[in-house]
Amino acid sequence: MPLNRVTLIGHLGQDPELRHLPTSGQPVASFSVATDEAYTDKQGQRQERTDWHHIVVFGKAAESCKEYLKQGREVYVEGWLRIRDYEAKDNGGKRQRAEIIASRVQFLGGRPANAKEATEVNGDPASDEVPF
């Protein structure tokens with residue numbers, strides 16, 4: 001039985017970018033989330049590593065992410081992994097990018113000053129038109 005599920009808690013690297021699909025006009029937000037890992041190497045030295053994850057959110061959840069999420073904010077993301085092919089702008093070569101298609105985004109940490117805030121948004125990819 002196949003399973004493709006991702007769960008992350010991390011901090012936003014930049015404010016979400018919002019665009020609309022040209023064919024349907026559906027909103028799409030994208031942002032990066034950093035997760036940190038601390039470990040001890042073979043020499044006994046403490047090391048830290050940061051991984052960056054590209055997140056994509058569709059529909060009303062995308063609009064909520066754009067409105068309420070800001071750089072540095074802690075966030076919980078649930079979704080699935082997708083590898084997308086694209087043409088590089090610089091030399092036109094084919095590239096691949098791993099993205100997490102979010103089905104749930106929960107805003108963690110303190111509330112931004114002067115903001116009415118939803119604390120969780122759920123995307124319903126089954127009802128939204130997700131371009132694959």
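**Close-up views of a predicted model**

**View 1. Confidence along the chain.** The protein has a mean pLDDT of 86, and 83% of its residues reach 70 or more. This is a predicted model, in which local features need pLDDT of at least 70 and side-chain atom pairs count only at pLDDT 80 or more, while totals for chains, interfaces and linings use all residues. Residues are numbered from 1 along each chain as its sequence is written, and side-chain values use heavy atoms, with hydrogens and water left out.

**View 2. The largest nonpolar core.** A nonpolar core is a set of buried Ala, Val, Leu, Ile, Met, Phe, Trp, Tyr and Cys residues joined through side-chain atoms within 4.5 Å. Buried means under 20% relative accessible area, exposed over 50%, and partly exposed in between (1.4 Å probe, protein chains only). The largest core has 19 residues, of which Phe31, Ile55, Val57, Leu69, Val75 and Val105 touch the most other members. Among the elements giving two or more residues to this core are strand 1 (6-12), helix 1 (60-68) and strand 5 (74-87). Helices (H or I, at least four residues) and strands (E, at least two) are DSSP runs, numbered from the N terminus. Another core, of five residues, lies apart from the largest one and includes Leu21 and Ile101.

**View 3. Strand 5 and its partners.** Two strands pair if DSSP finds at least two bridges between them. Strand 5 pairs with strand 1 in the antiparallel sense over six bridges, and Glu74 in strand 5 is the bridge partner of His11. Strand 5 and strand 6 run antiparallel and are joined by 13 bridges; here Tyr76 has Gln106 in strand 6 as its bridge partner. Beyond four places in sequence, the contacts of Val75 include Leu8, Leu69 and Val105.

**View 4. The aromatic pair.** The structure holds one aromatic pair. Rings of Phe, Tyr and Trp (its six-membered ring) pair if their centres lie within 6.5 Å; planes under 30 degrees apart count as stacked, over 60 as edge-to-face and the rest as tilted. The ring centres of Tyr68 and Phe107 are 6.2 Å apart and their planes are at 45°, so this pair is tilted. Because Tyr68 lies in helix 1 and Phe107 in strand 6, the pair ties together parts that are 39 residues apart in sequence. Tyr68 counts as buried at 17% relative accessibility, and Phe107 is buried with a relative accessible area of 5%.

Methods:
Contact = heavy atoms within 4.5 Å. pLDDT = per-residue confidence, 0-100.
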